[in-house]
Amino acid sequence: MSSSRIVLTGATGFIGSAVLTELLRQNAAEPGTVREHIRAVGRRPPSPAGSACAWREADLAKPSTLRGVCEGADVLLHLAASLSSEAAECEAVNIDGTAALMEEAARAGVGRIIQLSTAAVYGPGPHHGIAVNDIPPAPLSAASRSRLAGESHALAASAIVLRPPLVTGPGDRWVVPALAELLERVPALWDGGRARLSLVDVADLARLVVGLGRAPHPGGGTIHHAGHPQPVRTGDLLAALARHGLLPTVTDPLPWPECLRQFRATSGRMSERQFSLLARDHWYRSEEVWHVAGASPGPGPLHRLGAAAPFYRSALRLRSG
């Protein structure tokens, strides 16, 4: 990848910052040349890595600012997205912005494009080990609907579109904090902890994105799930988080109808749909994409929790404080 000229959007986000870190790590063997090879595009420069790459100010919601951002590039890693609850903002960024960026990539002759979408485009589950196209997408939120629509522009530009599932690791401010709230409201092994979830650690996902960017023949115009190939049982995830002192230990199984009754009797930030997302089957077959990237998926997200534990302790303290 160090011999390629890479354009990266979303470099200040959760996943994008991990991808930038991986790009810089791989380029570390060539000091003094990194600025020429990585161009971050966004409303603000990435920090603290901003000084180690070029930065071009642009806003996906303002397509005119994208003019020329892909000039001279070999690879486009499009990881930026709006997760707003406002439909107009999501459409401006995730649909119109993606369309404009793909036009720029085509004009500049970019040879390889990776776009980040989300498994949330499938809508409510349960989902039991589905492959891409096994079920029709049924997104519920403005963010998911617009990201699904944005996929069409990327696919038309022969991009590889990735649909990651739940993403954990340093920077995660949704999955583990959500589990903490849900355990407070329903302190039990939900449905016996049997649910299988697709997860991926953010550093492993970053390796996958970079691997796809450097793969000799990645096969564009395709969609892939981007989780770890082995699903994780909810009970095993809760137990691993408890071993690291991040969540309380729960051992009593509770049938799903009773889980819902207790959940509905309490108030909180999480919705019933979000509870179901973490307590019922939501797993997606993801073996193929790792072969395409020529990358190892690694030991799995549970094995990465130890390294992420200091971040999570701080995040959970802020939540409870």
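How much space lies in the largest cavity? About 50 Å³, in a predicted model where local features need pLDDT of at least 70, side-chain atom pairs count only at pLDDT 80 or more, and totals for chains, interfaces and linings use all residues. Residues are numbered from 1 along each chain as its sequence is written, and side-chain values use heavy atoms, without hydrogens and water.

**Stop one: the cavity.** Select His-78, Ala-80, Ala-81, Asn-94, Thr-98, Gln-115, Leu-116, Ser-117 and Arg-147, which line the largest cavity. Helix 3 (87-108) and strand 5 (112-116) are the elements that give two or more residues to this lining. A cavity is a set of points on a 1 Å grid over the protein atoms alone where a 1.4 Å probe fits but cannot get out; a pocket is an open set with protein on both sides within 12 Å along at least five of seven lines; lining residues have an atom within 4 Å of a point. Volume is the space filled by probe spheres set on the points, which are joined across faces, edges and corners. Helices (H or I, at least four residues) and strands (E, at least two) are DSSP runs, numbered from the N terminus.

**Stop two: the second largest pocket.** Its volume is about 200 Å³. Select helix 1 (14-27) and helix 6 (202-214), each of which supplies at least two lining residues. Helix 1 gives the largest share, five residues. Pro-170 and Gly-171 are also among the lining residues.

**Stop three: helices 8 and 9.** Select Trp-256, Cys-259, Leu-260, Phe-263 and Arg-264 in helix 8; these meet Glu-272, Phe-275, Ser-276 and Ala-279 in helix 9 (contact: heavy atoms within 4.5 Å).
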